[in-house]
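This report describes selected features of one protein model. Please examine the sequence and the structure before reading on.

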Amino acid sequence: QLQASGGGLVQAGGSLRLSCAASGGTFAWYSMAWFRQAPGKERDFVSALSWDGRRTRLADSVKGRFTISRGNAENTVYLQMNSLKPEDTAVYYCAAREGQYDTAGARYPYWGQGTQVTVSS
């Protein structure tokens with residue numbers, strides 16, 4: 001089970017940190033990812049972290065602004081979002097899959113419930 005939190009309302013240029021806590025088993029061998037979905041749009045890949053923590057991937061639209069990391073407890077992943085823009089407004093979902101990460105949401109069997117991020121201009 002994945003639980004996403006940390007969303008909220010922030011002004012453009014501000015920061016938020018999203019958290020994704022996994023429970024119900026060990027996620028040591030799982031890659032974690034964040035996706036987002038804006039109203040009326042498809043779900044988009046945002047960022048991913050490999051199961052061993054050695055590799056990360058960021059969507060071009062968030063490079064230089066967002067950072068993904070794993071907490072000291074292997075079952076927690078963070079998405080630090082800086083220099084937020086109105087176009088970052090979306091529901092953010094965390095996801096997990098065993099093995100290597102992927103940018104396709106369909107390849108993730110485990111999903112959190114989503115957390116709303118709203119960036120005002």
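Which residue's side chain is joined to that of Arg65 by a polar contact? The model is predicted, and in it the side chains of Arg65 and Asp88 are linked by a polar contact of 2.7 Å. Arg65 lies in the loop between strand S6 (56–58) and S7. Its relative accessibility is 9%, and it therefore counts as buried, the cut-off being under 20%. Apart from neighbours within four places in sequence, Arg65 is in contact with Gln80, Met81, Asn82, Ser83, Leu84, Lys85 and Asp88.

Met81 also belongs to the largest nonpolar core, which has 35 residues. Together with Leu2, Trp34, Phe66, Leu79 and Tyr92, Met81 touches the most other members. Among the elements that give two or more residues to this core are strand S1 (2–5), strand S3 (16–22) and strand S8 (76–81). With residues up to four places away in sequence left out, the residues touched by Leu2 include Cys20, Ala21, Phe27, Met32, Cys94 and Trp111.

Strand S3 pairs with two of these elements, as the table shows.

| Strands | Bridges | Direction | A residue and its partner |
|---|---|---|---|
| S1 and S3 | 4 bridges | antiparallel | Gln3 and Ala21 |

Is S3 largely enclosed or largely open? Of the 7 residues of S3, 5 are buried, so this strand is largely enclosed by the rest of the structure.

How values were computed:
Residues are numbered from 1 along each chain as its sequence is written. This is a predicted model: local features need pLDDT of at least 70, side-chain atom pairs count only at pLDDT 80 or more; totals for chains, interfaces and linings use all residues. Side-chain values use heavy atoms; hydrogens and water are left out. A nonpolar core is a set of buried Ala, Val, Leu, Ile, Met, Phe, Trp, Tyr and Cys residues joined through side-chain atoms within 4.5 Å. Buried means under 20% relative accessible area, exposed over 50%, partly exposed in between (1.4 Å probe, protein chains only). Contact means heavy atoms within 4.5 Å. Two strands pair if DSSP finds at least two bridges between them. A polar contact is a pair of N or O atoms within 3.5 Å; within protein, one must be able to donate a hydrogen and the other to accept it, and residues adjacent in sequence count only if both atoms are side-chain atoms.
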